[in-house]
2 protein chains.
Amino acid sequence: MKTITTLSDLRAARQLLHGSVGLVPTMGYLHEGHLSLIRRAKMECESVVVSIFVNPSQFGANEDLSKYPRDLKRDLNLMEPLGVDLVWNPTAEIVYPAGYQTWVEVESLTRPLEGAIRPAHFRGVTTIVTKLFNAVQPHKAYFGQKDAQQAAVIQQMIRDLNFPIEMEICPTTREADGLAMSSRNQYLQGADRPAAAILFKALSAAKSAYAGGERNAKNLRNIVQETLATEPRVQVQYVSCADYHTLSELDTVRGKSLLSLAVMVGKTRLIDNVTLE
Amino acid sequence: MKTITTLSDLRAARQLLHGSVGLVPTMGYLHEGHLSLIRRAKMECESVVVSIFVNPSQFGANEDLSKYPRDLKRDLNLMEPLGVDLVWNPTAEIVYPAGYQTWVEVESLTRPLEGAIRPAHFRGVTTIVTKLFNAVQPHKAYFGQKDAQQAAVIQQMIRDLNFPIEMEICPTTREADGLAMSSRNQYLQGADRPAAAILFKALSAAKSAYAGGERNAKNLRNIVQETLATEPRVQVQYVSCADYHTLSELDTVRGKSLLSLAVMVGKTRLIDNVTLE
């Protein structure tokens, strides 16, 4: 496993990789969710590249860029046994040098949900992912279903911009109590951590109702809302029941759909989702 | 020489090309300027791909998209003797299918000059060039110096987005009277055609003054303006003397600079430029 900083070193090392290359883009502080993406990439590709970069352009001015957890040594130790070939860990100056001025934007898919609350977020995501794609030139790229809108946006970008890359969206990895793994779970203090289990309970309650035949999207959202309301530490930002591909809110669930939410648990912002199909 | 329409056929044909690949992106209706790019690509690369696509997204609502000259058969005949390997001639539906929503934007370099007069133009250019780069995956891409701002913008985009592509900017090809070759020269009717020779005369007069020691940018712009003013068929849109790399207007010429202009000759919009170095 080779750790690389500069773009020219990355290009040189990339040239030496044989066969199909899988990319797992991360912001570091790896958890079991990231490791599951890396294991899947390792199974499907001859070589695996992991990028670790806390991308400033996807954080809003009042968000958690400066306190986002970072621990490269810990990350490298976690990856070492998995057979990762290259780790690219560039500096912000390498990724966004003086005079940087190019942005990739996906339009309608980035407007609702996360995009409505975090206006410049997806522009930062699609730009850094384009840069990673061009730098690493992978055959496949691995993303988590936990960031469902991100996955939909990147899939749209790949299609629209003709990237010759296959995207794999991997299942959300959860703690024993159902909490979706996230580097931001580190922020949960004291009683906020057990309280956060309510997110998956709420989504699961609605999914059970769906399995029992409920197709009214408003009723499904209400089940999520009412379950969340039983936990006073939780403040809801949105609960959505939307078409899986367009992310448009539904009246009636038909075909593959996405039930998603964003909440504050104390001072920590969390998102989660399940699919209905 | 193989002519291809769909993206999947292009990808399949691209796989079969050996060694280095040069891309010459065009909007068709080829002239000697395009052919010079193709010859240069052929000299420098083992395989040459030419794209022919009149890109709707780089035309403004009141511009000449519908009347832009098109003649594929003529273009293919001109390319046949040059050893072009692949010609990609997609439809607008292939390039921008229903639901298309992704755009690439370069910021400060697209604001002055052409960008000030044609607000969405460069967004269309950088988006189609990104799509062409991803579809063709060339090692080198060839553009004309005649579209100097376009060249600067694409060079910035290549650098910012980490495209592993070398850009070659090739000299402007001119008619006997100095008029820069352009597919839009077809529009020049009657006395407009000889009148259009004043553009290069004006730029050359300023370039001579520069060679004679003139370094005041305002004086150089004035020489261009005054020469253009001798031709009543010409209406000036802008005359610029700017830094070659940043396109910022100069007070004093130091280092490589760009002297550029846009005018209407009758109803035809023309641009031209020379470098000062």
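Guide: A residue counts as buried if 20 or more other C-beta atoms lie within 10 Å of its own. With 12 or fewer it is exposed, and in between it is partly exposed. Keep in mind that this is a predicted model.

Visitor: Where does A:Leu188 lie?

Guide: In a loop of chain A, between β7 (166-170) and α8 (192-195).

Visitor: Which residues is A:Leu188 in contact with, leaving aside neighbours within four places in sequence?

Guide: A:Arg193, A:Ala196, A:Val265 and A:Thr268. A:Val265 is 77 residues away along the chain, yet the two C-alpha atoms are separated by 7.7 Å.

Visitor: Now chain A as a whole. How many helices and strands?

Guide: Chain A has 10 helices and 10 strands. Its radius of gyration is 19 Å, close to the 19 Å from the globule rule for 277 residues, so chain A is as compact as a globular protein of that length. The C-alpha trace spans about 55 × 40 × 40 Å along its principal axes.

Visitor: What percentage of the residues of chain A count as buried?

Guide: 42% of the 277.

Visitor: And what share of the contacts with a separation of 6 or more joins residues 24 or more positions apart?

Guide: In chain A, 70% of them.

Visitor: Let's do sheets. What is the strand order in the open sheet of 3 strands?

Guide: β8-β9-β10 of chain A, with antiparallel pairing. The edges are β8 (234-243) and β10 (268-276), each of which pairs on one side only. From one strand to the next, the twist averages 15°.

Visitor: How many bridges join β9 to β10(A)?

Guide: 9 bridges, with β9 (residues 257-265) running antiparallel to β10(A). As one pair, A:Ala262 has A:Ile271 in β10(A) as its bridge partner.

Visitor: Which helix lies across β8, β9 and β10 of chain A?

Guide: Helix α9 (residues 198-211) does, at about 20° to β10(A). Helix α10 (residues 217-228) lies across β8 and β9 of chain A, and runs at about 160° to β8(A).

Visitor: Switch to β3 of chain A. How many of its residues are buried?

Guide: 6 of the 6 in β3 (residues 47-52), so the strand is largely enclosed by the rest of the structure.

Visitor: Which residues point which way from β3(A)?

Guide: A:Ser47, A:Val49 and A:Ser51 point one way. A:Val48, A:Val50 and A:Ile52 point the other way, and all are buried.

Visitor: In what sense do β2 and β3(A) pair, parallel or antiparallel?

Guide: Parallel, over 6 bridges, with β2 covering residues 21-26 of chain A. A:Thr26 stands opposite A:Ile52 in β3(A).

Visitor: Now the two chains. What rotation superposes chain B on chain A?

Guide: A rotation of 180°, with 0.0 Å of shift along its axis and an RMSD of 0.0 Å. That is the relation of a two-fold axis. In chain B, the C-alpha nearest the axis belongs to B:Val104, at 2.3 Å. Both copies use the same surface: 100% of the contact residues of chain B recur in chain A.

Visitor: How many residues does the contact take from each chain?

Guide: 24 residues from chain B and 24 residues from chain A. On the chain B side, α1 (7-15), β5 (102-106), α6 (121-136) and α7 (148-160) each supply at least two. The largest share, 5 residues, comes from β5(B). By type, the chain B side divides into 11 nonpolar, 8 polar and 5 charged.

Visitor: How do β5 of chain A and β5(B) pair?

Guide: They are antiparallel, over 5 bridges. A:Thr102 stands opposite B:Val106.

Visitor: Last topic, backbone angles. What is phi of A:Leu113?

Guide: Near 55°, a positive value in a residue other than glycine. Most residues other than glycine have a negative phi. A:Leu113 sits in the loop between β5 and α5 (114-117) of chain A. It is buried, with 24 other C-beta atoms within 10 Å.

Visitor: And B:Asn162, what is its phi?

Guide: Near 65°, again positive in a residue other than glycine. B:Asn162 is in the loop between α7 and β7 (166-170) of chain B. With 19 other C-beta atoms within 10 Å, B:Asn162 is partly exposed.

How values were computed
Residues numbered from 1 in each chain as written. Chains lettered and ligands numbered in written order. Predicted model: local features only at pLDDT ≥ 70, side-chain atom pairs only at ≥ 80, totals over all residues. Least-squares fit on C-alpha atoms with pLDDT ≥ 70 in both. Contact = placed C-beta atoms within 7 Å. Helix = DSSP H or I, 4+ residues; strand = E, 2+ residues; numbered from the N terminus. Nonpolar A, V, L, I, M, F, W, Y, C, P; charged D, E, K, R; others polar. Pairing = 2+ DSSP bridges. Rg over C-alpha atoms; globule rule 2.2 N^0.38 Å. Axes fitted to C-alpha atoms, helices over the stretch in contact; angles between N-to-C directions.
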